[in-house]
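Walk through this fold with me, from the whole chain down to one side chain. Keep the viewer open as you read.

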Amino acid sequence: QVQLVESGGGLVQAGGSLRLSCVASGNIFSINLMGWYRQAPGKQRELVAAIRSGDSTNYAEAVKGRFTISRDAAKTTVYLQMNSLKPEDTAVYYCNMNLRTSGPYNYNYWGQGTQVTVSS
């Protein structure tokens, strides 16, 4: 059983910062990809940032230069440092990991989501 547990969301004023964390636990053999998605009310879930096993990263255009994705040395925790937050960043943020457990295939797992609200 794999669990992804997120933390770090909250309410912040425009221009402020938040740091999200997501810890993976369970019978994990390897993690291929770690990412953060967000979903605002009435909108589709969208990719915010991702980091691969080789440490390459990619970001949505809307957050480039403001958000930074990283992971810990054990590579079971992924972070999202969010600076210069804007009201349009308000959404539920979800952690996603593509990982392998005991079998031969990789599967996608999701966290429960954490609310980020940016006031103007």
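Read along the sequence, the pattern is β-β-β-β-β-β-β-β-β-β-β. That makes eleven strands and zero helices. The radius of gyration is 14 Å, close to the 14 Å that the globule rule gives for 120 residues, so the chain is as compact as a globular protein of that length. Bear in mind that this is a predicted model.

Now look at the overall dimensions. Along the principal axes, the C-alpha atoms fill a box of roughly 45 × 25 × 20 Å. Of the 120 residues, 38% are buried. Take the contacts with a separation of 6 or more: 53% of them join residues 24 or more positions apart.

Next, zoom in on Arg38. This residue sits in strand E4, which covers residues 30-39. Is Arg38 buried or exposed? Its relative accessibility is 7%, and the cut-off for buried is under 20%, so Arg38 counts as buried.

What does the side chain of Arg38 make polar contacts with? One partner is the side chain of Asp89, at 2.9 Å. Another is the side chain of Tyr93, also at 2.9 Å. Leaving aside residues up to four places away in sequence, Arg38 touches both of these and others, including Gln44, Glu46, Val48, Phe67 and Val92.

Key
Residues are numbered from 1 along each chain as its sequence is written. This is a predicted model: local features need pLDDT of at least 70, side-chain atom pairs count only at pLDDT 80 or more; totals for chains, interfaces and linings use all residues. Side-chain values use heavy atoms; hydrogens and water are left out. Helices (H or I, at least four residues) and strands (E, at least two) are DSSP runs, numbered from the N terminus. Buried means under 20% relative accessible area, exposed over 50%, partly exposed in between (1.4 Å probe, protein chains only). A polar contact is a pair of N or O atoms within 3.5 Å; within protein, one must be able to donate a hydrogen and the other to accept it, and residues adjacent in sequence count only if both atoms are side-chain atoms. Contact means heavy atoms within 4.5 Å. The radius of gyration is taken over C-alpha atoms; the globule rule is 2.2 Å times the number of residues to the power 0.38.
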